[in-house]
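Subject: Structure handover

Hello,

Here is the structure for you to look at. Please open it first, then read my notes below.

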Amino acid sequence: MTYGHIGHVSPQRMRFAKPLPLRSGASLADYELVYETYGQLNERRDNAVLVCHALNASHHLAGSYAGEEKSEGWWDNLIGPGKPLDTDKFFVIGINNLGSCFGSTGPMHINPATGQIYGADFPVVTVQDWVDAQALLLDQLGITQLAAVLGGSLGGMQALDWSLRYPDRMRHCIAIATAPALSAQNIAFNEVARRAIITDPDFHGGHFYAHGVVPKRGLRVARMIGHITYLSDDVMEQKFGRQMRAADLGYSTQDIEFEIESYLRYQGDKFSDYFDANTYLLITRALDYFDPAREHGGDLSRTFASARCKFLLASFTTDWRFSPARSREVVKALLDNKLDVSYAEIDAPHGHDAFLLEDPRYHGLLRAYFQRIAKEQSQGAAA
């Protein structure tokens, strides 16, 4: 089946003069959020879907930028005319989170209080801070209630937080390949990646901009560590196995011998060319901190007692970083509160990255769910 494409899109900017209070006790003044929209907001202003991005993604969900090669949105296979999240029916919004390196105010920007680049002085931000900023932007767009909030991985955490802290501003929460909090193992992976960056001699305590350098070595290693956790063992075996770069062993401890080594170095090199080191530190720490049950004595059922919307959760059997067991924890908490919840556990071989890919069962699930939302909207309009 052939679907329409969004075509060329342009990012938009919104500036906020009023300081944003942060969970850390700090505040962020005079900040900008970059965002993109797709489709049309209907007259009732009730067909908006907010899509929250994960670690190294951005507001650029779908379509491409005019004159730029390889600029296709990171969820272009899901969002567009006739696609599972159909922009002929829904008004889709992607917002770049604070602290990112893709346009919204972050460590690479000027601190208005000092006139210098923020660098390591950019305040620590949390999932809750991102959600608060998103809500403020939606206020300015005149959207008081969302048809749905959708996200995968870290984006799924934001979707869950929306359901807890803005329960009356959304009708559906769609959280894919996510968790109610990181496991100790996940925090450990994040810490090793951060230490790779921080111990890079070019890091300079986070103020490497002033020295005219970038801690690329640390970023490369951080990305290599992260990338391993996003793939399943089956996919790595299928793609690379024990394939060698050359017919004969080089007997080297430093040169590339195996194809998997070459692949990881390529991913690390590419990442270090476009991602900001301080942003990586901020976002992985936001992942670590997310734990809404902490404010309820660790009781997840009590945590979701404030939720009002309907839920769809999906996980993937080979995702060992955000395993199905973590999604089932949320499902149980939702059922304990007698909420409307659907759950799918998809037998996909791709590991955590499956939420970004075009598995027909996964996309069929999301298509059916968004058709349900569209039907509810049409029935509400007719009432």
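Start with Ala177. Ala177 sits in the loop between strand S12 (172-176) and helix H3 (184-198). Helices (H or I, at least four residues) and strands (E, at least two) are DSSP runs, numbered from the N terminus. The phi of Ala177 is near 50 degrees, a positive value in a residue other than glycine. Ala177 counts as buried, because its relative accessibility is 0%. Buried means under 20% relative accessible area, exposed means over 50%, and partly exposed is in between (1.4 Å probe, protein chains only).

Some ground rules. This is a predicted model, where local features need pLDDT of at least 70, side-chain atom pairs count only at pLDDT 80 or more, and totals for chains, interfaces and linings use all residues. Residues are numbered from 1 along each chain as its sequence is written, and side-chain values use heavy atoms, with hydrogens and water left out.

Next, Tyr251. Tyr251 also has a positive phi of about 50 degrees, although it is not a glycine. Tyr251 lies in the loop between helix H5 (233-239) and helix H6 (259-274). Is Tyr251 buried or exposed? Tyr251 is exposed, because its relative accessible area is 71%.

The whole protein

The protein has 10 helices and 14 strands. Its radius of gyration is 21 Å, close to the 21 Å that the globule rule gives for 383 residues, so the protein is as compact as a globular protein of that length. That radius is taken over C-alpha atoms, and the globule rule is 2.2 Å times the number of residues to the power 0.38. The C-alpha trace spans about 75 × 50 × 50 Å along its principal axes. Of the 383 residues, 54% count as buried. Take the contacts with a separation of 6 or more: residues 24 or more positions apart account for 71% of them. Contact means heavy atoms within 4.5 Å.

The cores

The largest nonpolar core has 110 residues. Such a core is a set of buried Ala, Val, Leu, Ile, Met, Phe, Trp, Tyr and Cys residues joined through side-chain atoms within 4.5 Å. Which residues have the most contacts inside this core? They are Val51, Leu150, Trp162, Ile174, Ile176, Phe304 and Phe311. Helix H1 (residues 127-141) gives the largest share of this core, 8 residues. Another core lies apart from it, with 6 residues, among them Leu231, Ile260, Tyr263 and Leu264.

Look at Ile176. Leaving aside neighbours within four places in sequence, Ile176 is in contact with several residues, including Leu150, Ala314, Phe355 and Leu366.

Leu365 is found in helix H10. Leu365 is partly exposed, because its relative accessible area is 21%. Leu365 and Ala314 are 51 residues apart in sequence and 9.0 Å apart in space, C-alpha to C-alpha. With neighbours within four places left aside, Leu365 is in contact with Leu312, Ala314, Ala344 and Ile346.

Asn278

Asn278 is found in helix H7 (residues 277-289). Asn278 is buried, because its relative accessible area is 4%. What does its side chain reach at 2.9 Å? The side chain of Asn278 reaches the backbone oxygen of Gly206. The side chain of Asn278 also makes a polar contact with the side chain of Tyr209 (3.4 Å). A polar contact is a pair of N or O atoms within 3.5 Å; within protein, one must be able to donate a hydrogen and the other to accept it, and residues adjacent in sequence count only if both atoms are side-chain atoms.

Salt bridges

A salt bridge is a side-chain nitrogen of Lys or Arg within 4 Å of a carboxyl oxygen of Asp or Glu. How many salt bridges are there by this rule? The count comes to 24.

- Arg15 and Glu32 meet in a salt bridge (3.1 Å, N to O). This pair links distant parts of the chain, with Arg15 in strand S1 (residues 12-16) and Glu32 in strand S4 (residues 31-38), 17 residues apart.
- Arg13, Arg15, Asp30 and Glu32 are linked in a network of salt bridges.
- Asp76 forms a salt bridge with Lys83, the closest N and O atoms being 3.4 Å apart. Asp76 is buried, at 9% relative accessibility. Lys83 is buried, at 6% relative accessible area.
- Arg372 and Glu376 meet in a salt bridge (3.3 Å, N to O). Both lie in helix H10 (residues 360-382), 4 residues apart, about one turn of the helix.

Best wishes
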